[in-house]
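Here are my notes on this model. Please read them with the structure open beside you.

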Amino acid sequence: GSSTTTFNFSHAVAAATAQTPAGNRLLVVAVSLAATGATVTISGVTFDGVALTPLSPVVNGNHRAQLFYLADPPATTANVVVTINNGATASRTVSAVAAARTFEGVVTSGTPVGTQAAATGSTTTPSLTVSGVLAGQWVVGAVMGAASSYLTRQIEDGQLIEWHAATGSTSPVLGWGFVRPTVTETSVTVG
């Protein structure tokens, strides 16, 4: 059998207004985690009981960062619930941080997310160039590292740090997320 761990936090999606009508919203949840022993997986993320769609995880050894999204989430304040699969061992230590953001004015018909870009490595100044970005798109990302190491947050022009958290002692994890609006660029460096 397998063992799962869950944690949750509250997130609010505002009610529709004339400036932000219902629909055309995208909820994005970023999860960063580290584990002792074998790599663990994120089984799923829900908001108000509704499952979010996972993007491919970025895995580097026992560390993982992954984004999840939900098109047109309900306007409510509810829990985001993250479920982690510990494999067959309940005694593994897992440290995880997560955050959520709701974007407005997103075309949610079809697939509301573009091409995923990812990188792994061992540096205190991570960065990634995302190509094929269309004008008006947002670049959203998550970075994770060992909390025992110093991780420099690079802030490029217009990039906003959305969250920054660290947790754990046996298997520490530091996570931070960013958003970057685009105007006319077709290639954006984030990190």
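1. Contact here means heavy atoms within 4.5 Å. On that basis, residues 24 or more positions apart account for 77% of the contacts in the protein chain with a separation of 6 or more.

2. Ground rules. This is a predicted model: local features need pLDDT of at least 70, side-chain atom pairs count only at pLDDT 80 or more, and totals for chains, interfaces and linings use all residues. Residues are numbered from 1 along each chain as its sequence is written, and side-chain values use heavy atoms, with hydrogens and water left out.

3. Secondary structure. The protein chain has zero helices and 14 strands. Both are DSSP runs numbered from the N terminus: helices are H or I with at least four residues, strands are E with at least two.

4. Burial and surface. Buried residues make up 36% of the 191 residues in the protein chain. Buried means under 20% relative accessible area (1.4 Å probe, protein chains only). The protein chain exposes about 9400 Å², and carbon and sulfur atoms supply 50% of that area. Accessible areas come from the Shrake-Rupley method with a 1.4 Å probe; for residues, only the protein chains shown count as cover.

5. Four strands form an open antiparallel sheet in the order 1-8-3-4. Its edge strands are strand 1 and strand 4 (50–51), and each pairs on one side only. Two strands pair if DSSP finds at least two bridges between them.

6. Strand 8 in detail. Strand 8 (residues 77–85) pairs with strand 1 (residues 4–12) over nine bridges, in the antiparallel sense. One of the residues bridged to strand 8 is asparagine 8, whose partner is valine 81. Strand 8 also pairs with strand 3 (residues 41–47), again antiparallel, over six bridges. Here isoleucine 42 has isoleucine 84 as its bridge partner, and valine 45 has valine 82.

7. A nonpolar core is a set of buried Ala, Val, Leu, Ile, Met, Phe, Trp, Tyr and Cys residues joined through side-chain atoms within 4.5 Å. The largest one has 19 residues, and Val45, Phe47 and Leu52 have the most contacts inside it. Strand 2 (25–35), strand 3, strand 7 (63–71) and strand 8 each give two or more residues to this core. Strand 2 supplies the largest share, five residues.

8. Leucine 52. Which residues does leucine 52 touch, not counting residues up to four places away in sequence? They are Leu27, Val29, Val45, Thr46, Phe47, Phe68, Tyr69 and Leu70.

Technical notes. Buried < 20%, exposed > 50% of the residue type's maximum accessible area, 1.4 Å probe, protein only.
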